[in-house]
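Subject: Structure handover

Dear colleague,

Please look through the sequence and the structure first and then read on.

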Amino acid sequence: MSKKKSFTLGELPGAKIWTLAFFIYLYAPMVVLVVYSFNENRRVMNWTGFSLDWYAKAFANDNIQRAAWNSLMIALVATVCAVTIATLAALILGRRNNFRGKDTSTGLISLPLVVPEIATAVATLCFFAVVGIQLGLISVIIAHTVFCIPFAFLPIRARLEGMDDTLEQASRDLYANDWQTFRYVTLPLLMPGIFAGAMLSFIISIDDFIITLMVAGAGSTTLPLYIYGMIRRGITPEVNVISTVMLAISIVFITAYWLLTRRQSVTTH
Amino acid sequence: MSATAIAANNLVKIFGSGPNAVTALDNVSLTISDNEFFTLLGPSGCGKTTLLRLIAGFEQPTEGDIEIFGSAVAGLPPYERPVNTVFQHYALFPHMNIAENVGFGLKMLGREQREIDEAVTTSLSLVKMEEFATRTPAQLSGGQQQRIALARALAPRPKVLLLDEPLSALDLKLRQAMRTELKTLQRDTGITFVFVTHDQEEALTMSDRIAVMSAGLIQQIGTARDIYERPDNRFVADFIGDSNFISATIDVIDSDVAHCVIGNGLTIPTQLVGDHRVGDTVTLAIRPEKIGLSGGGDWIIKESIYLGTDTSYRIASGTQEMTVREQNARTGTARFNVGDAVSLDVAAQTTTMLRD
Amino acid sequence: MNLPQNPATRRFLGLLPAWLVIGIFMVMPMMILLVFSFMESDPYGGVDPGFTIEAYRQILFDLNFDDELEFDPVYLIIIGRSILLALIAVFGCLIFGFPVAYYITRQERRVQNMLLYLVTIPFWTNLLVRTYAWILILSGDGVIEQPLKSLGIIENSLEMMYTNGAVATGLVYSYLPLMVLPIYASLEKLDFRLVEAAHDLYASRFQAFKQVIVPLAKPGIIAGCILVFVPSVGAFIAPDLLGGGKKLMLGSLIHLQFASSRNWPFGGAIAMLLLAFVMIALLWQLRSARKRMEESG
C-alpha cells in the first residue's frame, strides 16, 4: 500500500482543537463560578464540600431581596417602554419604502449601541443634574429605556422586513380597515419579533451595570450594583451565589430568544 | 489509437453513511483518450458531476482509482493534478480583476510575472476578451464571465480540461454560439475536454464520444451516431431523442436480422441483439421520424400536432399506439388529417432491439 | 377606527416617541456633557459657570508650583494604555476567533446553529459576573495557582492579577463573540466553489486561505475589529476588576472624575476624547466599506 495523503476540501488543520479550546476559554470561568457557588466554606476559594447554605443565606438577605426587586421592577418597566417605542418605530422603518429621514431615524435609534457605555452613563448623569431629576428608580428606568430601545428594535424590524407585504394587502382587500388589518394581521405576525425584542431588552436591563452605577441613587441599588459592592468589600460566597443566579437568568432568557427567532425563521421560509 | 488521458477503474462513490448513504457512482469504469472531446451526459443526480469532481480531486472515491496520463492520482489534492475546471457558475474571484483571475493558476505555480502576463494575454485572446483585462468580474455579462472562466482554466495549459455544465447559465442563442466555439477551441488547443451536461443537443453536437449516465451507472459509451441510432437500452433510447417502445415477438431469424411481429400483425425487421431465439418477446425502439406513412391501411390517425418543420401524428391500430413524425416538406401543411387510415413502412436498419 | 391616511403624518406619529426619548435622554445629555467639558469644575461635584479649556489642557499639561504649564504624561500613558490594550484585545479576538468562525461555517446546519448559540450565550450574560469569574481564576488563591502551589510547582504567587495581561485577557474574553459573529456571517456567505476553483488552479491550502478566504471575509473581519475595539477602548469593568485600579483605562478614568475625584469637566473632556476615538474607528470602517462598493462596481 502506498502512503496516501488524504485531502479533504475546506479543512483547516487544527481548527477542531482550536474551536474546542475556544469554547473551554469561553465557558470555564462560568463553570468555575457556578461550582464554587456550592462551596460550603466561608473562604470562597477554599473548597471543603458541597452545600446549598449560601443559597439559603443569600435568598434570605434583605438587601439582596431589595436589589432583586429593584432589578426586576426596572427591567419590566424599561422593557415595556422600550418595546412600545421600538414597535412603533419599526412599523415605520421596517417597510421596504424609502423616505427622507429614514436612515437618520434608524441611525438615531442605533446611537446607544455606538456610544461607549461609560460616555452614555456620565452624560446621562450630567443631564439629570441639569434638569434636576433626583437619582433613583425613575432615573434608572429612563436610562435603561433609552439603552434598551435598539435591542428591542432590531428583532422587530427584522421580523417586519421578512414579512410578506401581500398579507396586509389581502387583509385590506377583504374589507379590513387599517386598524383591523393591524390588529388581526400585522400584530399577530409581528408577535414573535416583539417577544424576541422584549427578551433582549429584559436581559440588557437586568444585566446593565455601568449606566446604573452612574445614575442610581440611594434605594435604587440593583443586583449588579450589589454584586459590585460585594466584590469591592471582599469576596464572599454570596457573590458566587448571586452571580450564578444572574447567569441562569440570562441563559434562560437568551435561550427563549433563540428559540423564538429560530421558530420564526422556520415559519417564514 | 492515441494515448489514454484518463482511466477510471471501478469507481464507487458513496456520500454519507448508514441509512442516509447515497451511492452517487456505482462501479464506473471508462477511459478517455488524449485529444478527445468526451461528454458525460445524463439527468441531474446521475453521478456525472461526481465523476468530474473525482477526476478534479475535490472528492475522493470510496473505492476504485483514477489515472491521469498513466499516473494514479489517488489522494492527490486538486492543486497537484494536471487538470483544470470550468465551473458551472464560473466561480470567478470577485476581489480580483480579469487578468488576476486568469493569471491565478500560474501565479500559484510560482511562475515569473512576465510569463504570467504572456499567458494571460494568450488566453484572453483565445476567448476574444483581450480588452477586458482590467475589469472586475461583476462588470461582465454572463457570457463574458463564461469566456473568462474558460480562459482562466486554459491559462496553465492543463492536460485535461473539465467543464461542469459551463453553458447552462447562458441564454439559448449564446449557448448555441458557444458550442461551436468550444469545439473549435478543443480542436485548436489539442487539450482533452471532459464535458458534463444534461443537454443532449449539446452532447450530440460537440462530442467525439459520449457516456450516457443514469443512477450512478454508465448506460452506454459511444459516438453521437452510435448512441442515437443504436441505443443499448431503454434509458438511452428514451433520454436521447424520442422513441416508440414496442413489444414484439421474434417470428423468423435470418442470419443477424430478426423479423419481429407486433400486436396487429405488422412485421418489423431489426438487427438481432443478444442470443434471442424465435418466439422470444423483445422490446423494439423505433424513432418517430424513421417511420414512413402512406394512405390507406389499418392504422388510424388519432391526433395531429403541428410543430413548424414537422408534424407529429399519434396513430393507433387496435391497442397498439405509436408516434410518427413527418417533415412538412414544401407545402407546409400536414399530409394527413385526424381519422385518416394509413399504413406504415419501417426500414430494416432503423429500429433497435433493446438489451433490457 | 382608522389611522391617519397621510403617510407623512403616520411616519411622524410612529417615529415621534423614539425621536423624543432618544433625543431628550441621549442626544441632549451628550451635548450637555460637551458643554460641561468647557466649564469650570466645582469641587463639590458638578460645574461652575464660565468658559474654559482647562479640562482639555489638563490632559497633557499640569500646573507646577509656579503656576507654569508643565508637560505631564500621566494621562497620556492612560490613553496609550487604553488604545494599546484595545488593539491587543482586537488582535487576540481575531486570532482566537477567526479559525473558530471558519470551523463553524464548515459544519452542517444543525451543528452550526448549536455552536452559534454557544457563542452568543456569553455575550448576553452579565459582563460584570463574567469578569468577576476571572478573579476566581487568576487571583493568588485562584484555581490556577492553588493546585500549582499545593503540588509544590510554584512557591510564590504568579502575580497574575492587576496586570495589563489580566486586563487584556478579560477584554478578549468579554468581546470574543463580537469578533466571531460578523466573521462567521461573511464566511457563511462565501461561495465555497471559489475555494474549489483556487485549489483547482494549484493554490495550496495556505494559498487558498490567504488569496481567497481572507480577502472575501474582509468585511466581517473589519466589522469584528470595530465591534471589539469600540467597547474595549472605553472598557470599565475589566480594568476596574482585573487591573484593580492600578492599570487605569479611559473608562475607569472617566468614572473616577464623576465618582471620587469630582472633576466633571475633566471627565467630560476624557469622554469626548473617547468618543473621538470611536468616531475615527467608525469612519475608517465606513471608508473601507465605501471603497469596497466602488471596487465591485
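Predicted model: local features only at pLDDT ≥ 70, side-chain atom pairs only at ≥ 80, totals over all residues.

Chain A has 11 helices and zero strands, and from the N terminus on its elements run α-α-α-α-α-α-α-α-α-α-α. Its radius of gyration is 24 Å, well over the 18 Å that the globule rule gives for 269 residues, so chain A is more spread out than a compact globule. Along the principal axes, the C-alpha trace of chain A spans about 85 × 70 × 30 Å. Of the 269 residues in this chain, 54% count as buried, and among the contacts between residues at least 6 apart in sequence, 72% join residues at least 24 apart.

Chain B, by contrast, has both kinds of element, with eight helices and 19 strands. The C-alpha trace of chain B spans about 75 × 50 × 45 Å along its principal axes. Buried residues account for 49% of the 356 residues in chain B, while 65% of its contacts between residues at least 6 apart in sequence join residues at least 24 apart.

Where the two chains meet, the contact takes four residues from chain A and 10 residues from chain B. Together the chains bury about 560 Å² between them, with 61% of this area on carbon and sulfur atoms. The side of chain A that touches chain B has two nonpolar, no polar and two charged residues. Across this interface the rule finds zero salt bridges, and it likewise finds zero residue pairs in polar contact, where both residues would have to be at pLDDT 80 or more.

Most residues other than glycine have a negative phi. Lys128(B), however, has a positive phi of about 60° although it is not a glycine; this residue lies in the loop between helix H3 (113-126) and helix H4 (142-154) of chain B, and it is exposed, with a relative accessible area of 52%. Ala215(B), which is not a glycine either, has a positive phi of about 50°. The loop that holds Ala215(B) is the one between strand E9 (209-214) and strand E10 (217-222) of chain B, and at 58% relative accessibility Ala215(B) counts as exposed.

Notes: Residues numbered from 1 in each chain as written. Chains lettered and ligands numbered in written order. Heavy atoms only, no water. Contact = heavy atoms within 4.5 Å. Buried area = accessible area lost by both parts, 1.4 Å probe. Salt bridge = Lys/Arg side-chain N within 4 Å of Asp/Glu carboxyl O. Polar contact = N/O pair within 3.5 Å; in protein donor to acceptor, adjacent residues only side chain to side chain. Nonpolar A, V, L, I, M, F, W, Y, C, P; charged D, E, K, R; others polar. Helix = DSSP H or I, 4+ residues; strand = E, 2+ residues; numbered from the N terminus. Rg over C-alpha atoms; globule rule 2.2 N^0.38 Å. Buried < 20%, exposed > 50% of the residue type's maximum accessible area, 1.4 Å probe, protein only.
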